[in-house]
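Could you look through this chain with me before we discuss it? I have set out my reading as numbered points, beginning with the whole chain and ending with single residues.

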Amino acid sequence: MRPSDPSKPSYVAKIERIEADGRGTNVKVHVRWYYRPEESIGGRRQFHGSKEVFLSDHYDAQSADTIEAKCTVHSFKSYTKLDAVGNDDFFCRFEYNSSTGAFNPDRVAVYCKCEMPYNPDDLMVQCEGCSDWFHPVCINMTAEEAKILDHFLCENCSSEGQKKLQNSHTASRLLDTKVETKRRRR
């Protein structure tokens, strides 16, 4: 929907119903507003995607003339599966109480060593051992290095792998020692 200040981005709203007066003129749309992170109490955070909006408890009636275009607000899950994100695609993973600043749900899954919620704008790599996701910068890797990875094991899984490998070498060395000891006794 068209903002009153043309320098601001268009507003995103869910149309709840449309009504017109008896003559079909003066058409009103009853909407439920979506807020952008920067419009919420607390503002934009690192994990908020550039196309993220929050479904609010703020309802309003507007002139139908303020409608600029149709957009699609996807669930977070369906948004992350899009092949290409268009200008009219947004996603919502929270409902927002505009008077208290509370979010529902109030917690979401966190990933990486930095323990941040997933931002679909950020590149992440998945560990083949534990299936956890990591930001390249958090594991001392550039985005370019991450993009060309064939396989990745996080620090915990690679050290576990090293321990298992060391244990198998130690066990085989012990076995060899026992075999040598038995041979010497003859």
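The points below go from the model itself to its sheet and then to its loops.

1. The structure is a predicted model, in which local features need pLDDT of at least 70 and side-chain atom pairs count only at pLDDT 80 or more, while totals for chains, interfaces and linings use all residues. Residues are numbered from 1 along each chain as its sequence is written, and side-chain values use heavy atoms, with hydrogens and water left out.

2. The chain holds 3 helices and 9 strands, where helices (H or I, at least four residues) and strands (E, at least two) are DSSP runs numbered from the N terminus. Read from the N terminus, these elements follow the order β-β-β-β-α-β-β-β-β-β-α-α.

3. Of the 186 residues in the chain, 27% are buried; here buried means under 20% relative accessible area, exposed means over 50%, and partly exposed lies in between, with a 1.4 Å probe and protein chains only. The accessible surface of the chain comes to about 13000 Å², and carbon and sulfur atoms contribute 49% of it; such areas come from the Shrake-Rupley method with a 1.4 Å probe, and for residues only the protein chains shown count as cover. Among the contacts in the chain with a separation of 6 or more, 48% are between residues 24 or more positions apart, a contact being heavy atoms within 4.5 Å.

4. An open sheet is formed by 5 strands in the order β1-β2-β3-β6-β7, with mixed pairing. The edges are taken by β1 (12-19) and β7 (103-104), each of which has a single partner strand, so one side of each is left without a neighbour in the sheet. Two strands are said to pair if DSSP finds at least two bridges between them.

5. The strand β2 (residues 28-35) pairs with β1 in the antiparallel sense over 7 bridges. Within this pairing, Glu19 stands opposite Lys28 in β2, and Ala13 stands opposite Trp33 in β2. On to β3 (residues 54-63), β2 is again joined by 7 bridges, and these two strands run antiparallel; His30 has Ala61 in β3 as its bridge partner. Because 7 of the 8 residues of β2 are buried, this strand is largely enclosed by the rest of the structure.

6. The loop between β2 and β3 contains Gly43, which counts as buried at 17% relative accessibility. Once its neighbours within four places in sequence are set aside, Gly43 is in contact with Pro37, Glu38 and His48.

7. Most residues other than glycine have a negative phi, and most peptide bonds are trans. At 12% relative accessibility, Cys112 counts as buried.

8. How exposed is Ser131, a residue with a positive phi? Ser131, in the loop between β8 and β9 (133-134), has a phi near 70° while being a residue other than glycine. With 42% relative accessibility, Ser131 counts as partly exposed.
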